[in-house]
Amino acid sequence: MKSALASLLLTMTGMSTATAAVSPVPPPSAPAGPTTLLISHLLDGTGKEARDVTVVLQHGRIERVEAGIHTPATGAVIDLRGLTVMPGFIDTHVHLDSHWDAQGRIATETESVADAATGIANAAWASLMGGFTTVQSVGDPTERPLRDAIRDRGFPGPRVLTSLGWIEGDANTPDETLRSVVRQRKTEGADLVKIFASSSQRVGALPTFTEHQLKVLCDEAAAQGLRSMVHAYRSQVAAAARAGCREIEHATYASAQDIHVAAEAGAYLSPQVGLVVQNYIANQNRYIGVGNYTPEGMQTMLRDLHFDVEVCRMMMAEPHAKIVFSTDATAGAHGRNAEEFFGRVKECGQSPMQALVSAHTLAAEAIGLGDRIGRIAPGYEADLIALEGDPLQDLEAVRHVAFVMRSGVTYKWAGTAQR
Ligand SMILES: [Zn+2]
């Protein structure tokens with residue numbers, strides 16, 4: 001099933017060797033000459049704000065950022081004055097393969113490969129249109145052909161990083177088995193490994209691996225040049241941090257001491273308070289009946305949402321906590337990733353600027369791309385978005401994405417002031 005889907009996606013995106021005799025249409029690429037952006041309000045991704053700025057792009061990257069508005073004599077100009085311009089958002093935790101089937105229910109493996117491939121492609125497009133120019137999808141094997149098609153063939157979507165799958169097991173799984181699974185992911189082309197240190201919240205949120213096993217997994221990942229992400233609840237949050245794992249998801253039911261240990265260990269902390277549970281509840285009839293999606297599981301998530309808010313606030317109380325932007329978006333949530341900003345600001349207590357930076361420089365650093373994306377500065381990728389309104393004054397602006405550019409290619413722009 002999975003390999004059939006992968007090969008279908010390869011074919012859809014022109015990567016099949018069977019199409020080699022046909023001249024391919026060149027993928028969309030950044031304009032050959034310079035592109036100049038005229039900006040009246042800029043957030044640079046690091047927490048700095050500027051008024052009246054000219055940004056010059058070349059070959060899909062930011063060449064220079066100049067104070068003042070300078071309309072060039074030649075080259076393309078995009079006038080973004082009146083909007084708030086910032087780096088494209090980065091979501092460090094999504095599930096692009098999760099989508100509705102033809103009946104409007106959560107798709108399962110019985111779906112046709114064509115519908116499954118279309119579903120993941122639509123999720124990627126929706127994410128991009130929502131202002132997310134990079135997402136880390138964790139994980140399904142179909143994310144690899146999607147990632148490669150977007151990166152190498154101009155297939156429309158955000159930059160994708162993938163874990164390809166999850167690593168699950170129990171306290172009896174031998175160390176050598178754990179190491180070999182990590183090495184296998186490396187061979188298959190993963191960007192990171194996603195480890196389940198706790199069972200789903202819908203089935204008890206109980207520990208699976210021991211701290212020793214987490215250390216084996218995260219050490220092997222580091223040795224292979226892969227980042228590690230751990231799904232953890234309760235005291236598994238501190239265990240994963242002590243084990244040297246890099247990013248810790250959810251952290252529901254963790255104590256203030258667990259959060260303290262994780263923050264001091266320097267782990268990226270990834271709570272979700274604004275979208276994932278709300279989306280499950282709003283769409284529960286589309287999910288219930290598949291896998292561990294039961295009425296009881298849905299009720300548990302709704303009843304315990306306040307614990308997610310509590311751990312997020314505990315993180316805010318830690319001076320060294322690196323609270324990274326993530327949504328855990330599944331079917332129904334793709335393209336609405338920015339809803340998480342409302343939870344971060346209104347429930348968790350981040351300032352709008354802190355929340356935005358968590359989706360810019362902090363998220364870029366968390367996924368190992370801190371020197372390439374997440375900032376508007378010379379040398380960085382031309383991943384830029386523009387919002388109607390000022391999110392620092394009214395967060396509602398994050399729902400109104402007027403302009404999306406990734407690597408110098410404009411994917412969304414209703415404005416007319418362009419030549
Ligand atoms: Zn997830």
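The buried residues of helix H7 are covered by elements that include helix H6 (236–242), strand E12 (247–250), strand E13 (268–270) and helix H11 (305–316), where cover rests on contact, that is, C-beta atoms, placed from the backbone, lying within 7 Å of each other. Helices (H or I, at least four residues) and strands (E, at least two) are DSSP runs, numbered from the N terminus. The model is predicted, with local features requiring pLDDT of at least 70 and side-chain atom pairs counting only at pLDDT 80 or more, whereas totals for chains, interfaces and linings use all residues. Residues are numbered from 1 along each chain as its sequence is written.

Within H7, which spans residues 256–265, the buried positions are Asp258, Ile259, Val261, Ala262 and Ala263; a residue is buried if 20 or more other C-beta atoms lie within 10 Å of its own. After the helix comes Gly266, with a positive phi near 85 degrees.

Elsewhere, three strands make up an open, parallel sheet in the order E6-E7-E8, two strands being paired if DSSP finds at least two bridges between them. Strands E6 (89–94) and E8 (159–162) are at the edges and have a single partner strand each, so one side of each lacks a neighbour in the sheet. Strand E7 (residues 132–137) is joined to E8 by four bridges, and Thr134 lies opposite Arg159 of E8.

Helix H2 (residues 113–129) packs on this sheet and touches E6, E7 and E8, its direction making about 135 degrees with that of E7, where axes are lines fitted to C-alpha atoms, for helices over the stretch in contact, and angles run from 0 to 180 degrees between N-to-C directions. Helix H3 (residues 143–153) also packs on the sheet, touching E7 and E8, and its direction makes about 150 degrees with that of E8.

Key:
A residue is buried if 20 or more other C-beta atoms lie within 10 Å of its own, exposed if 12 or fewer, and partly exposed in between; C-beta atoms are placed from the backbone. Two residues are in contact if their C-beta atoms, placed from the backbone, lie within 7 Å.
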